[in-house]
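Dear colleague,

I am passing on the structure we spoke about, with the sequence alongside it. Below it you will find my notes on what I found, arranged so that you can follow them with the model open.

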Amino acid sequence: PLPPDNDDDNNKDNKDNKNEKSKSINQMQQDVNKGKAPKSVKRVHSGKTSTVGEQDHVHFDDGNALNKDGSWKEGSGRTLTNAEKDWLKSGGFTIPE
């Protein structure tokens, strides 16, 4: 017979499930291509593995770019619309404060 499930492992898996449902960077770019992303989103980029510390990021039409951790890659940052926040969250992005 199989050993009983370890409750601690199951709880840990449940906490991580939210990350499994996030859109990939490619899926987010497809949203942009198909007009399903907020109109202010220009493009979505994967972080270059050749550039140390570069993260996946989203470019906006005003010149700002937001890293996945919620820090601003380019520009001085700005207030995001609710539609932008919701869409970014769907891709696992942290929303800046």
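Among contacts in the chain between residues at least 6 apart in sequence, what percentage join residues at least 24 apart? The figure is 34%. Please keep in mind throughout that this is a predicted model.

On confidence, the pLDDT averages 85 over the chain, and 79% of the residues score at least 70. Over residues 5-19, however, the pLDDT is below 50, and this stretch has one contact in the model beyond near neighbours in sequence. Where pLDDT is low, the predicted coordinates should not be read in detail.

As for the overall layout, the chain holds three helices and four strands, and from the N terminus on the elements follow one another as α-α-β-β-β-β-α. Of the 97 residues, 27% count as buried, while the accessible surface comes to about 6,800 Å², with 45% of that belonging to carbon and sulfur atoms.

The four strands form an open sheet in the order 1-2-3-4, with antiparallel pairing. Strand 1 (41-45) and strand 4 (72-74) stand at the edges, and each has a single partner strand, so one side of each is left without a neighbour in the sheet. On average, neighbouring strands of this sheet are turned by 25° against each other, direction ignored.

Going through the pairs in turn, strand 1 and strand 2 are joined in the antiparallel sense over four bridges, and His-45 stands opposite His-57 in strand 2. Strand 2 and strand 3, again antiparallel, are joined by three bridges, and here the bridge partner of His-57 in strand 3 is Asn-67. The hairpin of these two strands has four residues between them, and in that hairpin Gly-63 takes a positive phi near 95°. Strand 3 (residues 65-67) and strand 4 run antiparallel and are joined by two bridges, with Glu-74 in strand 4 as the bridge partner of Ala-65.

Helix 3 (residues 82-90) packs on the sheet, where it touches strand 1, strand 2 and strand 3, and its direction makes about 155° with that of strand 2. Helix 2 (residues 25-33) lies across strand 1 and strand 2 (57-60), running at about 160° to strand 1.

In a regular strand the side chains alternate between the two faces of the sheet. Strand 2 is covered on both faces, with His-57 and His-59 buried on one side and Val-58 and Phe-60 buried on the other.

The largest nonpolar core has 13 residues, of which Met-28, Val-41, Val-44, Val-58, Phe-60, Trp-87 and Leu-88 touch the most other members. Helix 2, strand 1, strand 2 and helix 3 each supply at least two residues of this core, and helix 2 gives the most, with three. Leaving aside its neighbours within four places in sequence, Leu-88 is in contact with Met-28, Val-58, Phe-60, Leu-66, Leu-80, Phe-93 and Ile-95.

Leu-80 lies in the loop between strand 4 and helix 3. Its relative accessible area is 7%, and because buried means under 20%, Leu-80 counts as buried.

Leaving out residues up to four places away in sequence, Asn-67 touches Gln-55, Asp-56, His-57, Trp-72, Lys-73 and Phe-93.

Ala-37 is found in the loop between helix 2 and strand 1, and with a relative accessible area of 11% Ala-37 is buried. Apart from residues up to four places away in sequence, Ala-37 touches Asp-31, Val-32 and Trp-87. Ala-37 and Trp-87 are 50 residues apart along the chain, and their C-alpha atoms are separated by 6.9 Å.

With best regards

How values were computed. Residues numbered from 1 in each chain as written. Predicted model: local features only at pLDDT ≥ 70, side-chain atom pairs only at ≥ 80, totals over all residues. Heavy atoms only, no water. Pairing = 2+ DSSP bridges. Axes fitted to C-alpha atoms, helices over the stretch in contact; angles between N-to-C directions. Contact = heavy atoms within 4.5 Å. Buried < 20%, exposed > 50% of the residue type's maximum accessible area, 1.4 Å probe, protein only. Areas by Shrake-Rupley, 256 points an atom, 1.4 Å probe, with all protein chains shown as cover. Core = buried A, V, L, I, M, F, W, Y, C linked by side-chain atoms within 4.5 Å. pLDDT = per-residue confidence, 0-100.
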